[in-house]
Amino acid sequence: MLYPQTNSKRLAIRLDGIWQFRKDPSDVGRRENWASRPPPGTIPMPVPGAFNEMTADASLRDYWGVVWYFREFEPPAAGSCHLLRFGAAVYHAEIFLNGEKIGEEHLGKLPFEIDVTGRLRDGSNLLAVRIDTSLSWQTIPPGTVKAPADSWSTPDLHGPEETPRAEYHFDFLNYGGLLRSVWLLALPETRIEALRIETVAEGDKPAGLKVRASACGEGAPAPAYRLLAPGGECVASGADGDPLLPADPLPWSPDSPQLYTLEVTLGESDRYTLAVGLRTVRVTPDAFLLNGEPVYFQGCGLHEDFHLVGQGHSDARLVKDLTLLKNMGANSFRTSHYPYDETAYQLADRLGLLVIDETPAVGLNAWDAYPVFAEGRLDAATLAHHCRVIERMIARDHVHPSVVMWSLANEPACHEPAAEDYFRALFECCRAADPQGLPATVVQSSTPPGPHYSPGHHSRSAQFCDVILWNRYYGWYQDCGRLGDIAPQLEYEARAWRAAFPQKPLVLAEFGADAVAGLHADPPVMFSEEYQMETARLYCEQLDRLPFVIGEHIWNLCDFMTKQGLTRVIGNRKGIHTRDRQPKMSAHYLKSRWTAGPSARTSARE
Ligand code: GCB
């Protein structure tokens, strides 16, 4: 599937704007045929955007169940084929056109298309989308509803419940709705449907690309490819699978994000262009090599999260976040904890930021309350869906030079015995799907083997990872308030990972502490800006002493919204910026560290 584009052969129309919306807690909408005529009582709802923060209704903010979106549109005269494209309908979407069901999908934060050729009326068409935001053990991410007996401290004494008590083990609000753009595409019948791009290398240096387009339509002509330099000059051309080798290839890197334009044509029928970059990736026991040069990952975990729109896409929020990263001297981020809107990768390509691209597999963990990798929970059906999600993410994102590693899950309970086969299968699926052969990982919260760790908690997925990424919160969830315990514990654990997997470099993918902006304390105490900054400093300085650690991603670039809980002060405050994107003290510290360049780290290692 391609990102929408308007050119001489294609027309991409956003159906964004203010739609009509209604909650359907009793799930009567299908029976009452809302798809043919929106029911009374709809409210305006922006698309893209999550519905949760749009009103002052607590039952809508915490909603878990069915909602409906409606809008009318008129099709354009152009194009012989028409498709509807949904950037992210979270979670399970059923699509109706003029009252008739035309498709359904449960890909959550990945796009899907529905061919509506020949089904559009001249004049006005009614598009209705029924979305179920509830999760199960077979969704990625998973979630469940708490049984009443587990939900209430006194089951007989409770008020009216407007929405079921959802249980999910991930740390962001389960935002729902049409989170990304909805498009109407007018396309030629004979057209390019997908692109598969491989890097051609000479040793560790990128030399060019090999591209294969899949096409649809009868008698589709063979695709032809041209690689255009920034000035528009053609520097290489060829047919399917031919290496496109510019005479003097300019590699893409964070310091020099050189992009070319790839132009694909199908005779006179279709044309598609895409910004591409040339880079190679290779992992050694001590380094992550980009174009043969070692990279130290410095940056943050992120969330697509902002006031009002929640996890709905906002260009303004995206530009602000990636610009903040660049200005701080960061070179990378992880798409924690789901694939982001495609514009995030396009902008990372342009600005020069490395991306660790993560699937939506977060919350595969009940923190030992019960085993999760078990029949009826995370089982063969979940695995099949997880594999499909990986394939769709890789097909979508491998074309971006910024994407350099796949993260198949965040903090799964991969110490459970049944997790081993599950993750073996996931890695096989990832490697089979990836034309770029990029390194793959699972972000660990399970431990390495070591006498200080309970044998039941040793990771069974780390063996399959190319790079060990792990999350740890010494001084926060462990040994609260004890800054002095950070360095020895971090060093011990990093060395334990290294001893168990001497061939695999390490990245600390999360560390940090909550700070409520404006709270100060000297000496530092938890939740103060000083405590957060000290935490960051102690981690970074310890990492500098561990040469096999090749990266640090602090959690998180910004504060973000979560479900309510004892440890959440209107959301998670581990942002080094507020949710408004204003810096806390630790942002200044990290900016001075990251802009100082690698010299500080190297001297600490000597
Ligand atoms: C983690 C999770 C992240 C949470 C963070 C926290 O390990 O990966 O999603 O937000 O901890 O602050 O608890």
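**Entry 1: two helices.** I began with helix H3 (residues 315-327) and helix H4 (residues 342-351), which pack at an angle of about 35° with their axes 11 Å apart. Helices here are DSSP runs (H or I, at least four residues), numbered from the N terminus. Axes are lines fitted to C-alpha atoms over the stretch in contact, and angles run from 0 to 180 degrees between N-to-C directions.

I kept in mind that this is a predicted model, where local features need pLDDT of at least 70, side-chain atom pairs count only at pLDDT 80 or more, and totals for chains, interfaces and linings use all residues. Residues are numbered from 1 along each chain as its sequence is written, and side-chain values use heavy atoms, leaving out hydrogens and water.

**Entry 2: who touches whom.** Contact means heavy atoms within 4.5 Å. From H3 I noted Asp315, Leu318, Val319, Leu322, Thr323 and Lys326; from H4, Thr343, Ala344, Leu347, Ala348 and Leu351. Sorted by class, the contact of H3 with H4 has 7 nonpolar, 2 polar and 2 charged residues.

**Entry 3: polar contacts.** These are pairs of N or O atoms within 3.5 Å. I found oxygen atoms of the ligand 2.6 Å from a side-chain N or O atom of Lys574, 2.7 Å from one of Glu510 and 3.1 Å from a polar side-chain atom of Arg568.

Methods: Nonpolar A, V, L, I, M, F, W, Y, C, P; charged D, E, K, R; others polar. Polar contact = N/O pair within 3.5 Å; in protein donor to acceptor, adjacent residues only side chain to side chain.
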